[in-house]
Amino acid sequence: MDAFAIKQIAINLTLILALWSGSTSILSDEIRVAVASNFSMAMKAITAEFETISGHQVVLSFGSTGKHYAQIINGAPFDVFLAADALRPTILEQQGVAQSNSRITYARGKLVLWTSKPETQTIKESLLNYQDIRHLAIANPKLSPYGIAAQQVMTNLNVWLSLQTKLVRGENIAQAFQFVHSGNAELGFIAYSQAFNPESAVRGSFWLPSQSLYSPIDQQAVLLNDKKASKDFLRFLEGSLARQIIQNYGYDLP
Amino acid sequence: MILSEQDLTALFVTLKLASVSTLVLLIIGTPLAWWLSKSQWRFKYVIEAIIALPLILPPTVLGFYLLISLGPNGPIGGLVSMLGGAPLAFTFTGLVIGSVFYSMPFVVQPLQNAFASIGNRPLEVAATLRASPIDRFFTIVVPMAKPGFITAGVLGFAHTLGEFGVVLMIGGNIPGSTQVASIAIYDHVEALEYGQAHWLSGSLLLFSFLLLIFVYGANRRYTVAKP
Amino acid sequence: MSIALRFRLQRDEFLLNVDTVIPETGVTAIFGPSGSGKTTLLRTIAGLEYAEDGYLKVGDIIWQDDRTFLPTHHRKVGYVFQEPSLFDHLNVQANINYGVRRIKDESSKHVLQQTTKLLDIEQLLKRMPWQLSGGEQQRVAIARALAASPSMLLLDEPLAALGDEQKAAILPYLESVYKTLNIPVLYVSHSRDEVARLADHLLLLESGEIKACGPTSELFAALDLPLAHQANAETIITTSVLGYDKDYGLATLVFSGGQFSVVSGPLPLGSRVRLQVLARDVSITLEQQTNTSILNIIPVTIGQMVKQNNAQITVRLMADDTALLSKISCKSAYDLNLKEGDKVYAQVKTAAILI
């Protein structure tokens, strides 16, 4: 056999191996991902694509970022952590629990003010003429970046203090949504991703506060180990396919 | 670190909720338990199953349906607004309603058992001694069912102290009116304030334990006096 | 005041179907085998059971008819249950006061003191029910029922739950209570001894129906009723004390058909005494015996005769208009050629006094 033939065989073998590892991987691996609840729907869509392309299995665990954080520092076997804020991933990195230099911002949340009832005045005016409001729902600012953003918007509009007695705090953005959706709170600051997603857009009136009124809601992710499959996933999350999905589900891109 | 003012308020709201709910439950649970212990209706078991639901349903399920019911389109909310009342979600009154559903089997079942164990004989005797039905209830049934009342009251109170899932759903976390200790603890944990979480949890645990020791100890003296 | 009643009530084992009048004084025993409906009848009179088809008139007041049903707590009945049913959470005094407190009658207090003494429970007043024996509890139960000044006293086998000794101990109390009461007493029992001792009238119940009712002595001696055919058949005779012989301890008791000499303690002259004569203690001779140890020989006429089986025959003897039962062997009846209407002599070996 001459050198040329050997080289061809080598290239073909490499190509086959590359394709094979690209499509099924030498070992099809399983990764466990802790995901902030508000990102559930987008995450499911992204994961479906990733599994098809990479052949890896992804096990998703939805929940509140605070709970995930507590579980992770107590040894919960997650591989990747998608938080609803930047705080927890940063702390994990500082504590050395997360892989260094793995922290990325995967999505940027948008805040929206929503009422499920038809309004006679614009919803923004409803907020400013607050006497008629009984309950305004927000996510608890102590626990959720969306809550902090809502507080910032209201402060910047000079209604934060006056609305204190009417505030109803949900444990997270999902619960704030629930309060408004069930009609118990007339208005609420919810996530844009909850209001507009490909599967169901909710009815009612919306107001999108301009980005200048609140600090960006950066949702960050970190790796918790150096498994190859985990790295593949994070890379995929930053890729154009995933970014398209993220945008479709109502998030901004960083 | 000692309990902050907000935490103390949360404890106070918890105690208030437990007390009010237990009182309401004793008032409405007593006639209900009485009827259950005496009735021969062949569909009685359906009512018993409904009352027992909170024993097995996750509190969040109960809370979820309450949230919907209390809303303007729900049965309770609609009724309330028709009668001209204010909406009940995110109010202390709303929590009381939720707690009443949540703790009902803990109050009704001990009472029902206590009433049933009295049997018919003492009541027949009292009737032959000229006691009217109401008279019989208060002079015969209530004293004889005293351990049952104590158990019902304690269980109802203690159960409501620990209520979380229902309050989580319909409370709205308003300090001073719907922020109960269990929610405050949860929030401290979520916000990584573990020290405060410890203090508040510890206080609640200690209080509950002392309460139960006191009540069971006193009740035991009462029953031991009789061989 | 008399009690007129008429009830029809279906139960699993029988249909209660009665229509009778209960006399207004004295003790009426409702007597019959278990499952005959005695307790049900008593409870229906008290209003503890509801008969859809029922009528009950006590004195002038209608307690039940088509349109009315007076609930138990409006009926002035005193009821003593079979098991001692004292209120566990009250002491004896409070138990007794329970009924008293609910009547507005001033005279009730006097009655209360009387019954407490009569039933000998004064030293029990401060105790709790579980500290009393069964007999003591029943005495308290009777006192409690009486303390409420009822217009009738109903007792449902009050001695059934007691042991023999306790029964024997409590019977005298019952007798003395009945003597002093002037309200009708209804006493359910399946014990013929108790009934023989206590009852003035009998209501014989069987499978929910009244088989017979009338004075005790008559029913005991009636040959068409099962009472007369039982092994310890007896005759109950009401007598009065004619005299008392201190030296021999013998009381002379007189009745319409003759007299009896009976071993007894001293008895007040002229007082009424109930005598129980077992049929198997009565033998028959054709001629008056002399030089015999038997004290009581009474001229009688032979009435009905009913064979029990091949060996035994029950003979109803008439001493004037008082019946006296005798159980003898069929052989003797044949040998003596006894026929209805024959004038013979009854020899009574022993007679027991039931006060």
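Modeller: A residue is called buried if 20 or more other C-beta atoms, placed from the backbone, lie within 10 Å of its own; with 12 or fewer it is exposed, and in between partly exposed. This is a predicted model, in which local features need pLDDT of at least 70, side-chain atom pairs count only at pLDDT 80 or more, and totals for chains, interfaces and linings use all residues. Residues are numbered from 1 along each chain as its sequence is written, chains are lettered from A and ligands numbered from 1 in the order in which they are written.

Colleague: What makes H5(B) largely enclosed by the rest of the structure?

Modeller: Of its 27 residues, 20 are buried, so H5(B) is largely enclosed. Helices are DSSP runs of H or I with at least four residues, and strands are runs of E with at least two, numbered from the N terminus.

Colleague: Where does H5(B) have a kink?

Modeller: The kink, about 55 degrees, is at Ser103(B), shortly before Pro105(B). The bend is the angle between axes fitted to the seven residues ending at a residue and the seven starting there.

Colleague: How many residues of chain B are in contact with chain C?

Modeller: Contact requires C-beta atoms, placed from the backbone, within 7 Å; 14 residues of chain B meet this with 18 of chain C. H6(B) gives the most to that side of chain B, with six residues.

Note on methods: Two residues are in contact if their C-beta atoms, placed from the backbone, lie within 7 Å.
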